[in-house]
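My entries follow in the order I made them.

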Amino acid sequence: MFPIFYKLAIHTDPGSPACLLRYTTLHDMITFYDLAGRKSLGCWSHNPRKACYVLNYKKLPYQSVQLDYETVDSTIREAGFPPSLHNPDGTPKHTVPSIFDDSTGERITDSYLIAEYLDKQYPDTPKAFPPGTEALQAAFYQHFNDRLLEIMILFLPHIPGALEKQSTRDHFYRNMITIFGKPLEEMKPKGEELENLWKKVFALFDSLEGWYAKSSGGFLVGDKPSFGDFTVGASLRMVKILLGEESEDWKKVAGANGGRWERLLNDLEVYA
């Protein structure tokens with residue numbers, strides 16, 4: 001008999017209306033810590049979205065806790081998670097996505113580690129890393145992330161538009177000044193810099209096309225999605241949100257490589 005599912009959402013702001021992110025049960029479940037945005041967007045940020053795809057692909061029951069940028073570090077730390085990074089001054093930093101698994105007491109941060117844990121802990125669910133593809137997946141993940149970092153400046157100035165609260169937007173603006181030494185408005189690429197960044201975007205897509213063209217199916221390693229697909233799809237989904245579905249920039253992305261990336265995003269929608 002299938003368990004009875006209930007709709008549940010948790011928000012760190014008691015005054016905020018509950019926003020449904022996924023079905024959960026009254027039994028042991030996974031708590032998924034996500035980055036809050038405008039309520040209509042759901043799981044919008046690319047790193048949490050990778051973990052969200054995996055949870056949905058495996059059909060594991062979970063509840064989502066939405067954290068504003070300014071509350072992520074303190075909330076994850078107080079929930080008992082070890083730091084996942086360190087700030088330039090050496091102080092520990094706590095991030096999302098993070099999950100707490102009631103059934104094991106395990107606390108995991110980082111989408112890749114979360115996917116590895118869920119594959120091991122729930123072996124009867126579809127694999128994020130199909131057996132025999134682990135090395136390929138690791139190489140693909142490194143390749144994609146290294147090149148994504150080179151073009152993220154294109155999308156950073158759009159992030160405030162995805163945030164619900166003015167206080168969160170203010171925090172993000174201040175954080176960007178701390179990291180980059182100048183206001184977000186001055187970081188927007190223009191002219192030749194902008195042109196070169198878009199060249200890097202399409203060079204990234206062309207490199208990914210080389211991987212996908214060798215697959216026997218529509219996904220990275222065949223006819224079923226895996227973590228590599230979720231990685232690409234999560235970034236595509238965020239870029240679509242940040243640029244706007246009707247924008248000319250998104251249309252350029254959607255049409256790249258014969259529309260492959262829009263098709264991939266659409267194929268992954270069932271797990272969104």
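This is a predicted model: local features need pLDDT of at least 70, side-chain atom pairs count only at pLDDT 80 or more; totals for chains, interfaces and linings use all residues.

Residues are numbered from 1 along each chain as its sequence is written, and side-chain values use heavy atoms, with hydrogens and water left out.

**Entry 1: W198**

I looked up W198 and found it in helix α6. Is W198 buried or exposed? W198 is buried, at a relative accessible area of 8%. Here buried means under 20% relative accessible area, exposed over 50%, and partly exposed in between (1.4 Å probe, protein chains only). I then listed what W198 touches, leaving out residues up to four places away in sequence: L154, L243, D249, K252 and V253. A contact means heavy atoms within 4.5 Å. I also took a distance to I151, which is 47 residues from W198 along the chain: the two C-alpha atoms are separated by 8.0 Å.

**Entry 2: confidence and overall build**

I checked pLDDT, the predictor's confidence in each residue, from 0 to 100. The protein has a mean pLDDT of 91, and 90% of its residues reach 70 or more. Residues 1-26 have a pLDDT below 50, yet this stretch makes 50 contacts in the model beyond near neighbours in sequence.

I counted eight helices and nine strands in the protein. The radius of gyration is 19 Å, close to the 19 Å that the globule rule gives for 272 residues, so the protein is as compact as a globular protein of that length. That radius is taken over C-alpha atoms, and the rule is 2.2 Å times the number of residues to the power 0.38. Along the principal axes, the C-alpha trace spans about 60 × 45 × 35 Å. Buried residues make up 48% of the 272. Of the contacts with a separation of 6 or more, 65% join residues 24 or more positions apart.

**Entry 3: empty space**

Rolling a probe the size of a water molecule over the atoms shows where empty space is left. My search ran on a 1 Å grid over the protein atoms alone: a cavity is a set of points where a 1.4 Å probe fits but cannot get out, a pocket is an open set with protein on both sides within 12 Å along at least five of seven lines, and lining residues have an atom within 4 Å of a point. Points are joined across faces, edges and corners, and a volume is the space filled by probe spheres set on the points.

The largest pocket has a volume of about 1,500 Å³. It is lined by 40 residues, and the closest to its centre are N47, Y69, L85, K93 and T95. Which element gives the largest share of this lining? Helix α5 does, with seven residues. By class, the pocket lining has 20 nonpolar, 15 polar and five charged residues. I sorted classes this way: Ala, Val, Leu, Ile, Met, Phe, Trp, Tyr, Cys and Pro are nonpolar, Asp, Glu, Lys and Arg are charged, and the others, Gly among them, are polar.

How many cavities of 30 Å³ or more does the whole structure hold? The search finds two. About 110 Å³ of space lies in the largest cavity. Its lining includes F144, L148, I151, F205 and V253. Helices α4, α6 (191-212) and α7 (227-243) each give two or more residues to it. The largest share, four residues, comes from α7. The cavity lining has eleven nonpolar residues, one polar and no charged ones.

Most residues other than glycine have a negative phi, and most peptide bonds are trans. I looked for exceptions.

- The V96 to P97 peptide bond is cis, with omega near 10°. P97 sits in the loop between β7 (92-93) and β8 (98-101).
- K59 has a positive phi of about 60°. K59 lies in the loop between α1 and β5 (62-67) and is exposed, at 71% relative accessible area.
- D110 has a positive phi of about 95°. D110 lies in the loop between β9 and α3 (111-121) and is partly exposed, at 32%.

**Entry 4: T109**

T109 is in strand β9 (residues 106-109). T109 is buried, with a relative accessible area of 10%. Among the residues T109 touches, beyond four places away in sequence, are T95 and P97.
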